[in-house]
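Student: I would like to learn how to read strand pairing and pockets in a model such as this one. Could you take me through them in turn?

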Amino acid sequence: MDTASLESAYQRILDLAAHGSFTTPPDDWGPDMVLAHLTVNDELLIGAVRQVLAGEEEASYDNAAGTDDAALAQLGPWPALIDRLQTSSRQLVDLASQLTDGLEDRAIPVHIVDGGEVAVDQPLPIGRLLSIHAEVHLPSHLSQLEGLRA
């Protein structure tokens with residue numbers, strides 16, 4: 001699988017996180033929650049890709065753990081979140097690059113909740129899920145971080 005868009009999206013987020021100064025809104029996720037969400041989401045995607053690569057029939061993806069505010073709030077501090085995102089993003093890109101010989105076309109059950117609403121609840125090819133992550137999910141959080149710049 002071509003991972004260029006995934007790598008590029010992560011690099012933009014990591015550059016902003018490393019060099020930006022941010023504010024935290026009173027009624028929404030602050031920058032720490034955004035990075036915590038991305039790292040947990042990466043770990044969930046890593047698990048799904050590993051299952052596909054291993055040929056496991058029960059491979060699936062559910063973002064519930066990546067939206068648990070109480071759990072996400074415990075993952076700081078900021079430097080640790082940046083380090084954790086650097087590690088998880090490298091792992092995900094590496095694993096995604098191993099989705100060859102049609103493995104990226106393997107459909108798995110996907111359940112995504114966004115803002116309390118079910119956004120996806122159907123099988124998707126793992127490659128498509130990763131493309132959505134690179135082209136929609138990561139850019140949306142980059143924009144969110146840019147909006148939080150001090």
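Tutor: Let us begin with pairing: two strands count as a pair if DSSP finds at least two bridges between them. The model here is a predicted one, and in it strand 2 and strand 3 run antiparallel and are joined by eight bridges.

Student: Which residue in strand 3 is the bridge partner of I112?

Tutor: The partner of I112 is V120. Two residues lie between the strands of this hairpin, and G115 has a positive phi near 60 degrees.

Student: What should I keep in mind about side chains along a strand?

Tutor: In a regular strand, side chains alternate between the two faces of the sheet.

Student: Turning to pockets, how much space lies in the largest pocket?

Tutor: The largest pocket holds about 510 Å³ of space, and of the 23 residues that line it, N63, I112, V113, D114 and H137 are the closest to its centre. Helix 2 (31–53), strand 2 (107–114), strand 3 (117–125) and helix 5 (126–147) each give the lining at least two residues, with helix 5 supplying the largest share, eight residues.

Student: How does the lining of the largest pocket divide into nonpolar, polar and charged residues?

Tutor: Ten residues of that lining are nonpolar, eleven are polar and two are charged.

Student: Which residues line the second largest pocket?

Tutor: The second largest pocket, with about 150 Å³ of space, is lined by E7, Y10, Q11, L14, Q86, S89, R90 and V93. Helix 1 (4–19) and helix 4 (78–97) each contribute at least two residues to this lining, which comprises three nonpolar, three polar and two charged residues.

Conventions: Residues numbered from 1 in each chain as written. Predicted model: local features only at pLDDT ≥ 70, side-chain atom pairs only at ≥ 80, totals over all residues. Heavy atoms only, no water. 1 Å grid on protein atoms, 1.4 Å probe; cavity = no way out; pocket = protein on both sides within 12 Å on 5 of 7 lines; lining within 4 Å. Points joined across faces, edges and corners; volume = space filled by probe spheres on them. Helix = DSSP H or I, 4+ residues; strand = E, 2+ residues; numbered from the N terminus. Nonpolar A, V, L, I, M, F, W, Y, C, P; charged D, E, K, R; others polar.
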